[in-house]
Amino acid sequence: MTGRTSPRFVIVFAAAYAVLYVVAVEYNLALFTYHPATEEFHFLVQPASDGPAMYWYGWMATSGLSAFTIAALISWLSSRSINRLWLGCSWSVPLAVMFVFVYILRRYFIR
Amino acid sequence: MSVFLLIMHSLLAVALLGAITHQTISAWAPANRAGAASFLGRMRAVPATSYVNAIVVLYSLTALLGAIIYPTYRLNVRIVLEQMQLHVPNGAFELKEHFVALGLGILPAYWYFWRSPQAAEYGRTRAALTALLAFIVWWGFLVGHVLNNIRGFDL
C-alpha cells in the first residue's frame, strides 16, 4: 500500500464498515452464528434452538469482509472525486452510526 | 477460567483507558511551555504519537478477550438482567457491544493518521478519531464496571 492509496483505503474502510455493520445488525446478515450453550458455530444465520444464538461475531465478519472488499476496490480507482474524499468521513460516518444505534436501542432507556 | 479472563480483560481496559485518555488530552489541548510544570500540564505534554501502537494492540486485545468471555455473559448475566428487568444496564451493554465493534472499524484509520504526526492536514482527523475511540473505551469501561458490580463474578 503506498502513501497515496492508504488514506483512501482507511477512510473508505472506516465509513463502509460502520454503514455495513448497522445494516448487518438491522437485517441480521451474520456470516456465521454461535450457539454458546452447545458451543457450536453455524454458517450464516441459524435461529436459537438450545439456548440463545449469538450473531455479533457474524455481523462483524460480514461488515469487515465487505468493507475490506469495497475499500480495496475504491483504493484502486484514481478518479478526482475519489482523490478528494473528505478525511472526516473516517470519523463522522462511524459517529453517525453510533447515534443510529442509540436510536435503535432507545426502548431500553425510554419506558 | 472465565473469571481469570474477565480480570485480564479489566486490566487491559485500565491500561487502554490511561493511554487513550492521555493521548486525547494531548491531541486536543497540547501543552504550552509555561503549563508543562503542573500535573495537568504534564498530562497535556505527553508525546501523543508514542501511544499509537500501544493503543492499537491494547484495543485489539481487550476486544478479543471481551469477545472470548462474551458467551459467558450471554448465558449467565444477560438472562438474569432480563429476568430482573434491568433494562438500562442491558441496553448500555448492547450499546457497548456495537460501539466496540465500530471502534474496531476505525482502528486502521486511527493508526494511519497517527503514522504521520507531522502532517498538519491530518491534525483534525487525528484528534476526532482519537476522541471517538476514547469515548468508546470510556463507555465500554464504565458499562463493564457497572455490570460487574450488578452481577459480580457469580462464584
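From the N terminus on, chain A of this predicted model runs α-β-β-α-α-α, that is, four helices and two strands. Helices (H or I, at least four residues) and strands (E, at least two) are DSSP runs, numbered from the N terminus. Residues are numbered from 1 along each chain as its sequence is written, while chains are lettered from A and ligands numbered from 1 in the order in which they are written. Because the model is predicted, local features need pLDDT of at least 70 and side-chain atom pairs count only at pLDDT 80 or more, whereas totals for chains, interfaces and linings use all residues.

Of the 111 residues of chain A, 35% count as buried. A residue is buried if 20 or more other C-beta atoms lie within 10 Å of its own, exposed if 12 or fewer, and partly exposed in between, with C-beta atoms placed from the backbone. Among contacts in chain A between residues at least 6 apart in sequence, 65% join residues at least 24 apart. Two residues are in contact if their C-beta atoms, placed from the backbone, lie within 7 Å. Asn28(A) lies in the loop between H1 and strand E1 (32-35) of chain A. The phi angle of Asn28(A) is near 45°, a positive value in a residue other than glycine. Asn28(A) counts as partly exposed because 15 C-beta neighbours are inside 10 Å.

Chain B has six helices and zero strands, giving the pattern α-α-α-α-α-α along the sequence. The C-alpha trace of chain B spans about 55 × 30 × 30 Å along its principal axes. Buried residues make up 36% of the 155 residues in chain B. Of the contacts in chain B with a separation of 6 or more, 74% are between residues 24 or more positions apart. A positive phi in a residue other than glycine also occurs at Gln85(B), with a value near 55°. Gln85(B) is in the loop between helix H4 (78-83) and H5 of chain B, and is exposed, with 8 other C-beta atoms within 10 Å.

Two helix pairs within chain B were examined. The axes of helix H1 (residues 2-28) and helix H3 (residues 52-76) of chain B come within 9 Å and cross at roughly 150°. Axes are lines fitted to C-alpha atoms, for helices over the stretch in contact, and angles run from 0 to 180 degrees between N-to-C directions. H1(B) and H3(B) are therefore roughly antiparallel to each other. Angles under 35 degrees count as roughly parallel, over 145 as roughly antiparallel, 65 to 115 as roughly perpendicular and the rest as oblique. The crossing of H1(B) and H3(B) is left-handed, meaning that the near helix is turned anticlockwise from the far one by less than a right angle (right-handed if clockwise). Residues making the contact include Leu5(B), Leu12(B) and Leu16(B) of H1(B) and Leu58(B), Leu65(B) and Ile69(B) of H3(B). By class, this contact has 17 nonpolar, six polar and no charged residues. Ala, Val, Leu, Ile, Met, Phe, Trp, Tyr, Cys and Pro count as nonpolar, Asp, Glu, Lys and Arg as charged, and the others, Gly among them, as polar.

The axes of helix H5 (residues 87-115) and helix H6 (residues 123-151) of chain B come within 8 Å and cross at roughly 150°, which makes H5(B) roughly antiparallel to H6(B). H5(B) passes H6(B) in a left-handed crossing. The residues of this contact divide into 19 nonpolar, four polar and two charged.

The contact between the chains takes 34 residues from chain A and 26 residues from chain B. On the side of chain A that touches chain B, helix H1 (6-26), helix H2 (56-76) and helix H4 (89-104) each supply at least two residues. H1(A) provides the largest share of that side, 10 residues. By class, the side of chain A has 29 nonpolar, four polar and one charged residue.

H4(A) packs on H6(B) at an angle of about 30°, with the axes 9 Å apart, which makes H4(A) roughly parallel to H6(B). Here Ser90(A), Trp91(A), Pro94(A) and Leu95(A) meet Thr125(B), Ala128(B), Leu129(B) and Leu132(B).

The largest nonpolar core has 67 residues, of which Ala14(A), Tyr21(A) and Ile106(B) touch the most other members. Such a core is a set of buried Ala, Val, Leu, Ile, Met, Phe, Trp, Tyr and Cys residues joined through C-beta atoms within 7 Å. The largest share of this core, 15 residues, comes from H1(A).
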